[in-house]
Amino acid sequence: MLSFLIRRLLQTIPTVLAVVLLVFVLFSVVPGSIASTISDDVDPQVELRLKQQLGLNDPIYVRFGNYIGKLAIGDFGTSFRTREPVTSMIAKRAWPTLQLIFTAMAFSVLLGVPLGFVAALRPGGLVDSAAMIVAVTGLSIAKFWLGLVIMYVFALKLGWLPSFGYGDGGLKHLLLPALTLGVSPMALFARTTRAAVLEIMTADFVRTARSKGMSETRVVKWHVMRNALVIILTTVGLQFGGLMGQAVVVEKLFSWPGIGSLLVDSVLQRDIPAVQGSILVVVLAFLAINLLVDLLYGVIDPRIRYA
Amino acid sequence: MFRMSVIVAGMALALAGSAEAQTPRKGGTIRMTAPYGSSFTSLDIHTTQRAQDEIYAKALHRSLYTWDSAEGKPVPELAKEVVVSGGGLVQTFKLRDDAYFHNGRKMTADDIIWTFNRIMDGTKAYPGARYVRIIEGAAAVEKGQAKEISGLKKIDDFTLEMKLTEKVDPGFYFFTALTSIYPADEGAKDSFIQHPIGLGPFKFVEHVPGSRIVLERWDKFYKPGKPYADKVVVSIMGEAAARDVAFRNKEIDTSVLGPAQYVAYQADPNLKGTIVEVAEVFTRYMGMNPAFKPFSDKRVRQAINYAIDSDLIINKLVKNKAYRATSWLPLTSPAYDKTMKPYPYDPAKAKQLLTEAGYPQGFEFEWTTSQNESWGLPIVSAVIPMLDKVGIKVKVKQVETAVLAEVVRTGDYQAFIYSQQSGPDPLAALKCFHSSTPQPACNYMNFRNPDFDKILDEAGQTDDTAKRNQLLQKANAFLYEEAPVWFFNYNKAVMAVQPWLHGIQQNPTELTHQNTEELWVDDTSPAK
């Protein structure tokens, strides 16, 4: 297990390096300079001095080398915009994003998986048809529009919840953005679960279990559910990464103070260190969650060994 | 145009009237919105020139001057008296002796000197340097040739002498939050950026990055009885549709409206009365590069002004959320000439001018634009068929707003569409067309004309306000004739204000920038 963990951690290094290189090169070649980030009337001499201070006049490979060197000691650089260390900017935004994503994920798993299960147990029935209509609709709706509809209904019409903001970070303000973010993965989980359960229900080992006289409840609980979980878990892992991307839209819409809105602001204002740092954190989170999923495979299915 | 001005003035009076009719109520929370993006840039207001950041800074900080919307000019804020001498180049400020920072320390001349020296630190490139440069010796500090600004001299704790490099009204230079006065001892600390200290009517309580800033009443504020409210919350709400829901749901007290919402609110009897509008000091235009041969000919530039039906675009596309531009200076400028008429829509005249200039078949140019709904791609798309009608073909180059700013500064364009500050100081606004102004500063069209320079220099030298305004009007008319740009429109800022919020000022420099000590909420506010 430990050697598997070390090997997987080592495997992430080339992925992280590739992402860092890609983001670094991309933002080094796009038009715009630090001058337009700071002010529209910078003295040319000051601009030159500033570029020298920040090493922006060095060749790109030197800059990349310096950047990697700083990254190795956890220094993401200083924001052009706020003059703050990027690590501290990201640290302030990390918890709200995690809150949002985990709540959205909890909602989508708790609703989507049972929905898919129930649908698969009676394929073609009323529940199945209704569940699949919900799933396809959930997958098709644009987040921005859905968020506005949710705001309109739950805040303006029903008056149950505030329409925007972070409040004290509690559930009251979290529910609507999490619901908006969670609808699409909920739909995906419902569909994936249904497909996985349907496939497992016709597998040989299920037929054998039934022929041995095992009750349908035990068949579903011990054979179908356990095997389906591996597939569901893979989808959940992949969806975490997707949610981090989709959170950008939801955070902006609901004035939620996460990494997504930091990333958008940084891109729009050409704050390259902040963009690089934010993207890197998202990528690292994605890799960490997928590693966790790999480790959980073994817990769910003991046949999987970390050779 | 006149009708519009009357409407605006009428609304101003109505607002002022209703506010005066009631006695300001103490207490409650003012819930403002910051609509221009999803984050505040920094709590160090010296580092940021974004309008978004100045919304909270107006409550937290104070500068040497402040903008008086009723007077339409900057007025001394931290000084009780300003004595001008030395042929207009020496300003002596008798400072307030009752202004306390939020840490309880009294402001003195040392704080102002420290602040201005900080802003001129060339290793930091603070955007406010453009204003402080007007003080003698400031540029030397910026270039690293001196440690302190030689033109600033402390006479005593509450008297400050300032020598200027040019004869200008320093009020126009020192009223924005970019030159907010910091406490010298606290401002130098690293912790300042996490917990800023100012001189404003409200002190800092909390900042949730990307969501809100909360401020509470500063009891030692120097204006007796003010501020009225206990608290100010500025929520970041970049999405217009989300703001709309929150405003209708009474969760916020102010909301900036875009063209679509402007139409919707006007049509809704429940919301129509909440609208406040003002002609802001921003001119939207298409800049033409004189280095591109056809645009070097005045007749071609004029032809473009004749060829575009600006009124139609403002009416149909911008939904009347703009005022037609006549020349460069906006409606609210003290030097605006009310008798001036804009270029009429006259394609025949445009065609004639193009023929005279040697382009009977027209020509093609590249037009760089952002996606901005009020002065970007949608406008360019509407103009293309109008120019095509007179034989001019357009090749669109679409870039992001940040890239457009860079393109404009460097002159790397044939034409571009932009929104540029054209006030409140008419002299400074027109100076952007003076030969001595470098292109990256604000002379984006690289306009050079000795006759124009002469008029402007004369305006800068005169002490007679009426004569100065006359000369500025002449310079503005000169620009109309030279047509370095297609004069499109002046921004009409529109804000919805809940009926329980009183004291809103029609600030043409930026409507969202409110002197919060003047605002108060009555007892019908949900946040009373």
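Predicted model: local features only at pLDDT ≥ 70, side-chain atom pairs only at ≥ 80, totals over all residues.
Residues are numbered from 1 along each chain as its sequence is written, chains are lettered from A and ligands numbered from 1 in written order, and side-chain values use heavy atoms, without hydrogens and water.

**Stop one.** Select residues 86–121 (helix α5) and 126–140 (helix α6) of chain A: they pack at an angle of about 140 degrees, with axes 7 Å apart. Show A:Leu115, A:Val118 and A:Ala119 of α5(A), which touch A:Val127, A:Asp128, A:Ala131 and A:Met132 of α6(A) (contact means heavy atoms within 4.5 Å).

**Stop two.** Colour chain A by its domain assignment, domain 1 (2–72) and domain 2 (90–300), with bounds from an automatic or database assignment. Their centres, taken over C-alpha atoms, are 33 Å apart. Domain 1 of chain A brings 17 residues to the contact and domain 2 of chain A brings 15.

**Stop three.** Now select helix α7 (143–157) of chain A and helix α7 (240–248) of chain B, whose axes come within 10 Å and cross at roughly 5 degrees. That makes α7(A) roughly parallel to α7(B). Look for A:Leu148, A:Met151 and A:Leu156 meeting B:Ala241, B:Ala242, B:Val245 and B:Arg248.

Key
Axes fitted to C-alpha atoms, helices over the stretch in contact; angles between N-to-C directions. Helix = DSSP H or I, 4+ residues; strand = E, 2+ residues; numbered from the N terminus. Parallel < 35°, antiparallel > 145°, perpendicular 65-115°, else oblique.
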